[in-house]
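Subject: Structure for your review

Dear colleague,

Please find the structure below, followed by an account of what was found in it.

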Amino acid sequence: MLGYLLKRLIQMLLVLWIVSLVVFLMMSFTGDPVFMIVPIDATDAEIAQARRILGLDESLPVQYWIFISSLLQGDFGQSYVFRQPAMTLILERMPATIEMVVVAMVLAVVVAIPLGVYAGANPNGRLSRMIMAGSLLGISLPGFWVGMVLIYLFAVHWGIFPSSGRGDTAEVFGLRLSLATWDGWHHIALPAITLSLGTMAILLRMTRAGMMEVARQDYMKFARAKGATRHDVLYKHGLKNALIPVVTIFGLQLGDLIAFATITETIFSWPGMGKLLIDSIYRADRPVIVVYLMLVALIFVVINFLVDIVYTLIDPRITLK
Amino acid sequence: MTTTDNTLLAVHDLRTYFHTFSGTVKAVNGVSFAIGKGEVMGLVGESGGGKSVVGFSILGLIDSPGRIMGGKILLDGEDLAQAGEDRLRQIRGREISMVFQDPMTSLNPLHTVGQQMDEVLRLHTDLDAAARRTACIEMLESVGISRAADRLGAYPHQFSGGMRQRVVIAIAMLARPRLIIADEPTTALDVTIQSQILKLMRRQIADKGASMILITHDLAVVSEMADHITVLYCGKVVERGRTRDLIETPSHPYTRGLIDSIPDPANRHARLKQIPGTVPDIRNLPQGCNFRDRCPRAQALCAEQEPELRPQNGAQWAACHYPLQPGDSA
Ligand SMILES: Nc1ncnc2c1ncn2[C@@H]1O[C@H](COP(=O)(O)OP(=O)(O)O)[C@@H](O)[C@H]1O
Ligand code: SF4
Ligand SMILES: [Mg+2]
């Protein structure tokens, strides 16, 4: 167990190191940030001076060394735009993103698993066909379009939901959360629904496929030959087996949600780190982009690790090694 | 067929069809046989002959697109073909239980052996948890699993194939059913394990006074175990009789072919005589005798008229226009 954790930790650090390389190279090949720093009327000498201060006159390997050693010392740089530490900027906005992603994920799971189980257990039923048709829409409609339609219908046309912002927030354990107020829930509903639809559809289809696959297994028929009811066979023997592949996808989908949150936040002016990223890309605010990418990479790696742990909890055949 | 007071299960003219997109598969098409109390009946034939479908039909476990289209399945006089799902559930596992071919897939990988055994007792008895546990431990020991109390908490993947089949047999025997349907119970196992499992099954049946339908494509296996044998071909009974008679003096050329393809343990290097050709497509059977394309005795009549099951010598029945006589060479 300890050996496994050590191995995973090394793997995770390796992944983060590779991400840091990719992020660094990407940044080096996309524009010269020196012009973000210097005043518009700077002389050539001033520009050269700024270059030297930023270390941009060094060779790429040396620049990377400077980059990675400051990251390791916890120095993530200052936003060129806000003149504030980039990490602080992002951490301030992270709770907004996380709460939207969590609500979207919970919504997706709560809707998708029961419907997927039902559709898989009754593959020929009319309701199942309707569920599957709905899930096809969920997969094929682009999120930004759904978001705009929801805004048009619920905010503009009927005026029952707000179209932008987080609403009132309250402090919980030092985090500012919309989920702590009714107004916050009112505001989070549309963006969370928009964000969850794609994931909901994928989880639903995976669950259904899992149930249908499991229904064909010998152990299901053997359980019925023991005298178990069809219902017990389906839910006591089938469901857990059917959910094993869904757990794998769950981790990947959580990552997807964080990525797609950038779009959703932009549409709904949700002040999260995704919107900050898009704004920073427009403003070529390099330190903020770097911190965002590294942080999201870290979240991905941790989620994957947790999924593997959950896996071993539901499937006794899998051991940590 | 005669049914007597000793008859446990009598199947009359069973028809189980599958209505598929590519046509109706008459997987079981008018099958009859009877099993006495404490008897072992071998159900043999090549793959696709309808053996498993007979087994599942008896338990009412035919799923759509399949359906029992006709016939009677009389268990002590009660027709299971007419029984509702609730009644069938009382019978499954309690009166009749089943052992499947592949022990690697018969057990739920996510439940412990103990949970899977306990389920049978919870379904069919009023025993409390402690009594159920004791019964499970005793049963596991009686199928030759040591340290049974510890093994209850183990998962199927921690057992070998042979051990898993022992667990499956333990589950099948647990509620003391009167009939076991064993569908190729040793086909997926090593040869050495096969004979252990067969011995175990024979002993369990004898101890509990149960009857058994032993389904197999291997005549050698049934000839050691069964009191009588029913041979299936393309969903129909082609021959039926006492084991001794049927093995020594088969009447049907198909039975003869099956016997000739048994490997001779004394003469390992002898080439086996396989039945020529392959089983015809069951959706598209030829007119006349289903076996005629492969039969060395076929004549003109065989292409015109389907032979009916008729008594041959004594208790032996065969469906053939030109049955073999004792002493015939082929
Ligand atoms: N679910 C099903 N759908 C369609 N055909 C089936 C189904 N199950 C069995 N059959 C058909 O029934 C026939 C008999 O099958 P089976 O009883 O499994 O044969 P055996 O056990 O003798 O090898 C085969 O031709 C098979 O294709
Ligand atoms: S009826 Fe004719 S074809 Fe069929 S088994 Fe008998 S001899 Fe052969
Ligand atoms: Mg079979």
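In this predicted model, Leu9(B) stands opposite Ile35(B) in strand 2 of chain B, and Ala10(B) faces Ala34(B) in that strand. Strands and helices here are DSSP runs numbered from the N terminus (E, at least two residues, for strands; H or I, at least four, for helices). Strand 1 (7-20) and strand 2 (23-36) of chain B form a hairpin with 2 residues between them, and their antiparallel pairing extends over 10 bridges. Two strands count as paired if DSSP finds at least two bridges between them.

Strand 1 of chain B also pairs with strand 4 (residues 66-75) of chain B, in the antiparallel sense and over 8 bridges. The open sheet has 4 strands in the order 2-1-4-5 (chain B), with antiparallel pairing. Strand 2 and strand 5 (78-79) of chain B are the edges; each has a single partner strand, so one side of each is left without a neighbour in the sheet.

Residues are numbered from 1 along each chain as its sequence is written, while chains are lettered from A and ligands numbered from 1 in the order in which they are written. Because the model is predicted, local features need pLDDT of at least 70 and side-chain atom pairs count only at pLDDT 80 or more, whereas totals for chains, interfaces and linings use all residues; side-chain values use heavy atoms, with hydrogens and water left out.

Turning to ligand 1, there are 13 residues around it, of which Gly48(B), Gly50(B), Lys51(B), Ser52(B) and Val53(B) come nearest; a residue belongs to this shell if one of its heavy atoms lies within 4 Å. Strand 1, strand 2 and helix 1 (51-58) of chain B each supply at least two residues of the shell, and the largest share, 3 residues, comes from helix 1. By class, the shell divides into 5 nonpolar, 6 polar and 2 charged residues, where Ala, Val, Leu, Ile, Met, Phe, Trp, Tyr, Cys and Pro count as nonpolar, Asp, Glu, Lys and Arg as charged, and the others, Gly among them, as polar.

An oxygen atom of ligand 1 lies 2.7 Å from a backbone N or O atom of Gly48(B). A polar backbone atom of Gly49(B) is 3.2 Å from an oxygen atom of the ligand, and for a polar side-chain atom of Lys51(B) the distance to a ligand oxygen is 2.8 Å. The protein covers 65% of the 560 Å² of accessible area that ligand 1 has on its own (Shrake-Rupley method, 1.4 Å probe).

Finally, a search of the whole structure finds 2 cavities of 30 Å³ or more. A cavity is a set of points on a 1 Å grid over the protein atoms alone where a 1.4 Å probe fits but cannot get out, and its lining residues have an atom within 4 Å of a point. The largest has a volume of about 80 Å³ and is lined by 13 residues, with Pro253(B), Cys289(B), Cys295(B), Cys302(B) and Cys320(B) nearest its centre. Its lining has 9 nonpolar, 2 polar and 2 charged residues.

The second largest cavity holds about 40 Å³ of space. Its lining includes Phe222(A), Lys226(A), Met98(B) and Ile171(B).

Yours sincerely

Conventions:
1 Å grid on protein atoms, 1.4 Å probe; cavity = no way out; pocket = protein on both sides within 12 Å on 5 of 7 lines; lining within 4 Å. Points joined across faces, edges and corners; volume = space filled by probe spheres on them. Polar contact = N/O pair within 3.5 Å; in protein donor to acceptor, adjacent residues only side chain to side chain.
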